[in-house]
Amino acid sequence: MDRTTYIPPVPLEVASILDFHRASRPNGRSRPAARPTVSLVVQKYGGTSVDGPDRMRAVADHVVKTRAEGHDVVVVVSAMGKTTDELLKLARDVSPSPPGRELDMLQTAGERISMALLCMAIWHKGMASTSFTGSQAGIVTDAAHGRAKILEIRADRIRDALSQGQIVVVAGFQGVSQTSNEVTTLGRGGSDTTAVALAAALDADVCEIYTDVSGIFSADPRVVADARLLPSVTYEEMLEMAATGGRVLALRSVEFARNHGVPVHVRSSFTWEPGTWVTDDTDINSEEAPVEQAIISAVTHDVSEAKVTIESVPDRPGIAARLFRALADHGVNVDMIVQNVSVNGATDISFTMPMADLHAGLRVTEALSADIGAGKVTHDSEIGRVSLVGAGMKTHPGVAAAMFEALAKENVNIEMISTSSIRISCVVHAADVERAVRVLHSTFDLDAEPAAG
């Protein structure tokens, strides 16, 4: 197929986003809005979307339909259902501490199974399809097993297959090390990251993330029954939501999308209905834009962190640097940090970290505490974080006050606070998290339909 001359029809559902994105590409990649070339769509399907033969055939139907409408299609798949969890359990049944290289080799088998089966289903539907592992697709990473970062994508094989009219199916979550040529995995949410990175490298018009939910909601619907589907959010809002407990999109995938200007459409593979657009323009998919950005877009929560406190830390230059450098060197990811006012030349420092890092974090902190002459180290694993996210708070004073007042009325005690220009986060007791989410969702009227412009 000649991509320079063939002009396919574009469905109305996709046309508006294609027109906008081609007319305003970042980094000098502008295109006219007249659609002179074939559009390229990247679709990612999560584990629940391909969990079993029936789901695999349903996905194949949708992929073939997208291709029949005139789009070039690149599909990224996760492992089927709980395959990755089962492989990890099997590995730890065999060895309590399996080598990172072999663990990556094992885990990537799940996505390879999915990509081959989906290709078979697509061929059965009458369309040509080719599957590629991460390395075959040219996804080059660093050498960090289990948490590799993508360095570049050499997508020549994908482009060649597309030019031959084939649907390309890529195994998500994996790549190949630039230095060692070993198979690597990208860590949690790696298939999302694969999909958006491929969309950026291939200059795709849209990256569709298909999952088992309808899109991004104003809160977790399992906690807030009245949570509403958000038609669109900005990259910045989505970054904050992903970082503070929103689990629909992986943080690294949103960073890729923002940095490369890739519009992301989060949708359900069970209903196929339009979901949530993540772009740099909240009004891109709306015929009638609101007069002003909503103050708050969502309430997020996270109960997967722990708090560590070092008491009586000497209050002199360089002590905090030594502490957090030691934690960083041991791969401990520190989030919120609070240092109290110095009393008699000493202060307390508290910080949060993922529960998975608590053991390593305590080991490093306790060793360093004795070295710097600090007091005892304590920790609390019964905490949770509740956050307000919204671009509108930049220009609306009083959001923090309203948040704190609402929590106080519910007798929810705040232990730590952190902020950005579009987010306020509070650490509270874990038992209070869901109650706090519900009261904040109600306080900021997030269960109401957005007003028309």
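User: What makes the pair Asp220 and Arg222 a polar contact?

Analyst: This is a predicted model, and the values are computed from it. The side chains of Asp220 and Arg222 come to 2.9 Å. The cut-off for N or O atoms is 3.5 Å. The distance of 2.9 Å is within 3.5 Å, so the pair counts as a polar contact.

User: Where is Asp220, and why is Asp220 called buried?

Analyst: Asp220 sits in the loop between β9 (206–211) and β10 (232–234). Its relative accessibility is 17%. Buried means under 20%. Asp220 therefore counts as buried.

User: Why is Asp142 called partly exposed?

Analyst: Asp142 has 24% relative accessibility. Under 20% would be buried, and over 50% would be exposed. The value of 24% falls in between, so Asp142 is partly exposed.

User: What surrounds Asp142?

Analyst: Asp142 lies in the loop between β4 (139–141) and β5 (150–153). Leaving aside residues up to four places away in sequence, Asp142 touches Ala148, Lys149, Leu151, Ser177 and Thr184. Thr184 is 42 residues from Asp142 in sequence, yet their C-alpha atoms are 8.2 Å apart. The side chain of Asp142 also reaches the backbone nitrogen of Ala144 at 3.2 Å.

User: Why is Met120 called exposed?

Analyst: Met120 has 53% relative accessibility. Exposed means over 50%. Met120 therefore counts as exposed. Met120 belongs to helix α4 (residues 100–124).

User: Why is Ala356 called exposed?

Analyst: Ala356 stands at 72% relative accessibility. The cut-off is over 50%, so Ala356 is exposed. Ala356 lies in the loop between β16 and α10 (358–372). Asn333 is 23 residues from Ala356 in sequence and 9.8 Å from Ala356 in space, C-alpha to C-alpha.

User: What makes helix α7 mostly covered?

Analyst: Seven of the nine residues of α7 (residues 235–243) are buried. They are Tyr235, Glu237, Met238, Leu239, Glu240, Met241 and Ala242. Each therefore has under 20% relative accessible area. After α7 comes Gly245, with a positive phi near 125°.

User: What is the picture for the whole chain, in burial and contacts?

Analyst: The chain has 453 residues, and 51% of them count as buried. It holds 12 helices and 20 strands. Of the contacts between residues at least 6 apart in sequence, 75% join residues at least 24 apart. The accessible surface is about 20,000 Å², and carbon and sulfur atoms account for 52% of that surface.

Definitions and conventions
Residues numbered from 1 in each chain as written. Predicted model: local features only at pLDDT ≥ 70, side-chain atom pairs only at ≥ 80, totals over all residues. Heavy atoms only, no water. Helix = DSSP H or I, 4+ residues; strand = E, 2+ residues; numbered from the N terminus. Buried < 20%, exposed > 50% of the residue type's maximum accessible area, 1.4 Å probe, protein only. Contact = heavy atoms within 4.5 Å. Areas by Shrake-Rupley, 256 points an atom, 1.4 Å probe, with all protein chains shown as cover. Polar contact = N/O pair within 3.5 Å; in protein donor to acceptor, adjacent residues only side chain to side chain.
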